[in-house]
Amino acid sequence: MISRYMSKYTCESLKRIDIKFLKNEGYLIKNTSKSGMIVWSSCGEETGRADIYVDALNHTLNISYYYRDPWIERTYVSSDILIISTPCHFGGQRYWLKCECERHVEILYAGGVKFKCRHCYDLTYYSQQEYTSKMFAALGKAWKKEEKFKEECSKMRVKFWKGKPTKRYRRWLEKLSQYEESEPIVLQQLEKLIRCLDATE
Ligand SMILES: [Zn+2]
């Protein structure tokens with residue numbers, strides 16, 4: 001269906017928080033709170049960044065960032081994730097991130113607005129029907145927005161002036177092409193997510 005190489009590539013482009021990253025960057029030192037930043041990139045290009053703060057007293061990781069996709073306006077998201085520690089057999093502690101499904105995991109992915117574990121985003125857990133309805137919901141939202149935008153055109157009384165499109169109409173046409181280009185992005189994003197989950201299986 002899809003090559004391993006491709007799966008790996010798409011997986012890396014998903015934003016994620018890895019407990020190993022927090023450990024290596026010195027965020028998990030006992031009784032020491034620390035704030036900093038996490039920067040995600042794909043193929044050497046930055047794809048996003050978030051402010052992070054590890055509260056040693058409450059054992060939480062606060063992550064705040066701007067979530068953006070082609071159809072939703074930029075949304076500011078701030079959420080607290082519990083950090084769990086369990087004793088190791090040979091001494092020391094092992095750390096986990098607690099997903100909202102109660103699972104203790106090493107990595108949380110941002111497949112949507114929220115950071116969740118791969119089980120939560122695993123579409124094999126969803127029925128085929130649920131998956132398709134999700135896909136159509138995303139597309140439906142996009143189409144509704146596009147329809148509203150197209151209505152604007154019908155309200156424009158003057159589209160041409162001396163044989164040339166007016167400034168307003170030109171701007172509208174430009175925006176229209178953006179809409180037409182971004183529709184496949186919604187589908188691509190959904191496909192990317194599935195590929196990533198395939199890769200982590
Ligand atoms: Zn989960």
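**Figure 1. The surroundings of Asn-62 in a predicted model.** Let us start with one residue and its neighbours. Leaving aside residues up to four places away in sequence, Asn-62 touches Asp-51, Ile-52, Tyr-53, Ser-78, Ser-79 and Asp-80. Asn-62 itself belongs to strand β4, which covers residues 60-67. Which residue does the side chain of Asn-62 meet in a polar contact? The partner is the side chain of Ser-78, at 3.3 Å.

**Figure 2. A charge over a ring, with Lys-34 and Tyr-27.** In this view, look for the charged end of Lys-34, which sits over the ring of Tyr-27. The distance from that charged end to the centre of the ring is 4.6 Å.

**Figure 3. Phe-149 and Trp-172 as a stacked aromatic pair.** The model has eight aromatic pairs. Where in the chain do Phe-149 and Trp-172 come from? Phe-149 lies in helix α3 (residues 128-155) and Trp-172 in helix α4 (residues 167-200), so this pair links distant parts of the chain, 23 residues apart. Are these two residues buried or exposed? Phe-149 is buried because its relative accessible area, 3%, is under 20%. Trp-172 is buried too, with a relative accessibility of 9%.

**Figure 4. Phe-160 and Tyr-169 as an edge-to-face pair.** Here the ring centres of Phe-160 and Tyr-169 are 5.5 Å apart. Why does this pair count as edge-to-face? The planes of the two rings meet at 65°, and an angle over 60 degrees puts a pair in that class, so Phe-160 and Tyr-169 are edge-to-face. Phe-160 is partly exposed, with 48% relative accessible area, whereas Tyr-169 is buried at 13%. Now put this view beside the previous one: ring pairs link Phe-149, Phe-160, Tyr-169 and Trp-172 into a cluster.

**Figure 5. Confidence along the predicted chain.**

Definitions and conventions:
Residues numbered from 1 in each chain as written. Predicted model: local features only at pLDDT ≥ 70, side-chain atom pairs only at ≥ 80, totals over all residues. Heavy atoms only, no water. Helix = DSSP H or I, 4+ residues; strand = E, 2+ residues; numbered from the N terminus. Polar contact = N/O pair within 3.5 Å; in protein donor to acceptor, adjacent residues only side chain to side chain. Contact = heavy atoms within 4.5 Å. pLDDT = per-residue confidence, 0-100. Phe/Tyr/Trp six-rings, centres within 6.5 Å; stacked < 30°, edge-to-face > 60°. Buried < 20%, exposed > 50% of the residue type's maximum accessible area, 1.4 Å probe, protein only. Lys NZ or Arg CZ within 6 Å of the ring centre and 35° of its normal.
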